[in-house]
Amino acid sequence: MRVLIIEDEARLARNVAEVLRGRCSYAVDTSHDGEDGLHLALTNPYDLVILDLMLPKVDGMTILKELRGKGLRTPVLVLTARDATQDVIQALDLGCDDYITKPFEMAELVARCRALIRRSYDRPSPVLRAGELEINTATRVVGYRGRTMLLPAMEYRLLEYLALRADEVVSKADILEHLYDFDCERFSNVVEVYISSLRRRLDPGPQHVLLHTVRGQGYTLRSGKP
Amino acid sequence: MMPESLRWRISLLVAGMLAIVIAVISAVAYFDQEESMRRDTDRSLRVVAGSILSEVDEPWHTGRLHEQMRSILGVRRGQWRVACRVWLDGNAAELLLSHEADSSMARWLRQVPDQYRPANDASTYFYADPGGGERYRFLWFRNVTKRGVVNVVAGLTCSQAQHEMGEFLRMLVVLGGCTTVISAVFVTLIIFWASRPLKLVALRLSGITPANLAAEDLSDVDVPTELRPFLAALRDMMLRLDKVFQQQRRFTADAAHELRTPLALAKSTLQAARLKQGAGRIDSQTMEEVVGDIDRMERLVNQLLDLSRLDEKHEPPLDEPVAVNELLERLAAQYEPMAVASHGRVTLEPMPRLQVRGNEPQLSQLFSNLLENALKHGPQGREVTIGLAGEDGMCVARVHDEGGAIAPEDLPRLFDRFYRADRSRTRATGGTGLGLAIAREIADRHGGRIDVTSNSREGTTFAVRLPLLRSA
């Protein structure tokens, strides 16, 4: 999953990004002013935007209005020092999905991020199930056909994304967009590499049950439901 | 002695004045009446004297004169109503005597004191008590006739008049007293009734709390026009107080808010490190960052305390001479490293020796804050210039940086607490937004002020004006 943090306090953004990458295997982009942040949010497909309200150039409330005005459906978590009920109500009414005040518990922030992303993919349960595949998004433990394992970061990231969009055809472009932040080099065949790595671990057999290639379109994770 | 209540004072004064006025009028009436009664008596005596004289002129026999006068003058209870004696000068025997020869009246009539003797053809009036305790009004009339100089002394008792005057006085006292008392009561009632609005206002005021200070509108209280300016002034004061309260509240909220950011930084840094490195090991970079956050909080707290001390004016200002040029030189040297670290420098223009009167640590802080602001606000790698001059009896210190234009509408707000013209830059460099506010407070306390000019050509200049002590 790919997350955008718009926060002008650089070190705070860095801290949150580190934790999201480390704990959740998210790809994270950070922006330190409102103008840049708004532009990023509108031009890239993020799964979550973490938004500070007091930003230079364009403030958080305006960004919220713009995002929702342009029809962006990405969940937005507002992270701010302003805790007055008026501010909370205003932000929620302008379209944010959750609100957390500084200072905050890092673990709580992370849990809320996960919850918002789950909900945006219409997967309310933290345990993703697709056929015999079971992914506990909180612990990142993957279970398949009775075996449990921990996957390396990028593979987990890919598997989780495909599982969230189970039974959909996911294009390579989508995968690249959602798995990498700006700073990463992207090689277009890296997806194949990770897919085959996943297959090796989970779905080795001659017939691929779980991960399927859809020629010319992308990949899909089949849950086995008719 | 006067009661403290205004209403009672007014009531007493009005009652007192009423009493005095009534007393004066009564006195005038009384004496007038007395005068009038006396004139009546005197007129009666003149008539008596006149009738006696006309009888005396007639050549009556003495006995006949006696009878005649007796019938003219009248008798009451065996006594003549008018006491009189008529005699001729030089002749001890009298022509007429109203009373028994051995009575005290007769004795007195025969020895009327000479002081009352009038001139010829003249008369005197006088009061006397001819024995017996009763007061009489006498007339002594001397008339030159063909028989000689006739003396007529006639007297009427005053007891009737006195009795009547006594009645009159009683009536006046009773009437006056009642009038005074009733009027006083009415006046008191009216005054107490008229002062009801004050009570109403007092009642309304007692319901005012810091919460409804601005909301409480006293304009609906029904007060007489004289009290309206008072109410208006009261309302103004309440609004001013409310504004001050709001400023305090906002300041406290802002301060708490400002502290949250460094707190969030420190906390998130430690928590991220713990998640990444495990609880056992926190690397030194993390420690440095957190210590920096704590420093930032400490700076903010100190500045807040400074501001609150300046607000409360608890600290007595040290009233000592301060050499401004030396102060600026010291500060320039102190901040040189910081300037060098961002590839800039601090330049001191040549300065005259100028002194102001004030508190050296505070002035040092004032200029420190300006210098820090200039170094942070100005672009990297440029210079900050400090100048000093004496102008029109004021010591003017200028801190100049080449940082670009602050918008004209932002200029007056620069000195507001927590205000930052360019949010991101000052945040990054750890500014609290209080430095300029504190600088202004200090300048105010020293009887001076700070002005700022800024444009993209010349950069930004802060000019501090302080009253000059003397140039040494």
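Helices (H or I, at least four residues) and strands (E, at least two) are DSSP runs, numbered from the N terminus. This is a predicted model, in which local features need pLDDT of at least 70 and side-chain atom pairs count only at pLDDT 80 or more, while totals for chains, interfaces and linings use all residues. Residues are numbered from 1 along each chain as its sequence is written, chains are lettered from A and ligands numbered from 1 in the order in which they are written, and side-chain values use heavy atoms, with hydrogens and water left out.

**Pockets**

A pocket is an open set of points on a 1 Å grid over the protein atoms alone, where a 1.4 Å probe fits, with protein on both sides within 12 Å along at least five of seven lines; lining residues have an atom within 4 Å of a point. Grid points are joined across faces, edges and corners, and a volume is the space filled by probe spheres set on the points. For residue classes, Ala, Val, Leu, Ile, Met, Phe, Trp, Tyr, Cys and Pro count as nonpolar, Asp, Glu, Lys and Arg as charged, and the others, Gly among them, as polar.

| Pocket | Volume | Lining | Classes |
|---|---|---|---|
| Largest | about 950 Å³ | 35 residues | 13 nonpolar, 11 polar, 11 charged |

In the largest pocket, L156(B), T157(B), C158(B), S159(B) and Q160(B) lie nearest the centre. Six elements of chain B each supply at least two lining residues: α1 (6–57), β2 (79–80), α3 (104–110), β6 (136–145), β7 (148–157) and α4 (159–194). The largest share, eight residues, comes from α1(B).

α6(B) gives the most, with 10 residues.

**Interface of chains A and B**

Contact (heavy atoms within 4.5 Å) links 20 residues of chain B with 20 residues of chain A. The buried area is about 2000 Å², of which carbon and sulfur atoms give 53%. Buried area is the accessible area (1.4 Å probe) that two parts lose on being put together, summed over both.

A salt bridge is a side-chain nitrogen of Lys or Arg within 4 Å of a carboxyl oxygen of Asp or Glu. Five salt bridges are counted between chain B and chain A. One joins the side chains of D293(B) and R11(A), at 2.4 Å, N to O.

A polar contact is a pair of N or O atoms within 3.5 Å; within protein, one must be able to donate a hydrogen and the other to accept it, and residues adjacent in sequence count only if both atoms are side-chain atoms. Across this interface, 12 residue pairs are in polar contact, both at pLDDT 80 or more. On the chain B side, α6, α7 (284–312) and α10 (423–428) each supply at least two residues. The most come from α6(B), with 13 residues. By class, this side of chain B has five nonpolar, seven polar and eight charged residues.

**Local features of chain A**

Over all chains, the structure holds 37 salt bridges. R2(A) and E177(A) form one of them through their side chains (4.0 Å, N to O). R2(A) lies in strand β1 (residues 2–6) and E177(A) in helix α7 (residues 172–179) of chain A, so the pair ties together parts that are 175 residues apart in sequence.

A cis peptide bond joins K102(A) and P103(A), with omega about -10 degrees. P103(A) sits in the loop between β5 (98–101) and α5 (106–120) of chain A. K57(A) is not a glycine, yet has a positive phi of about 75 degrees. K57(A) is in the loop between β3 (48–51) and α3 (60–69) of chain A.
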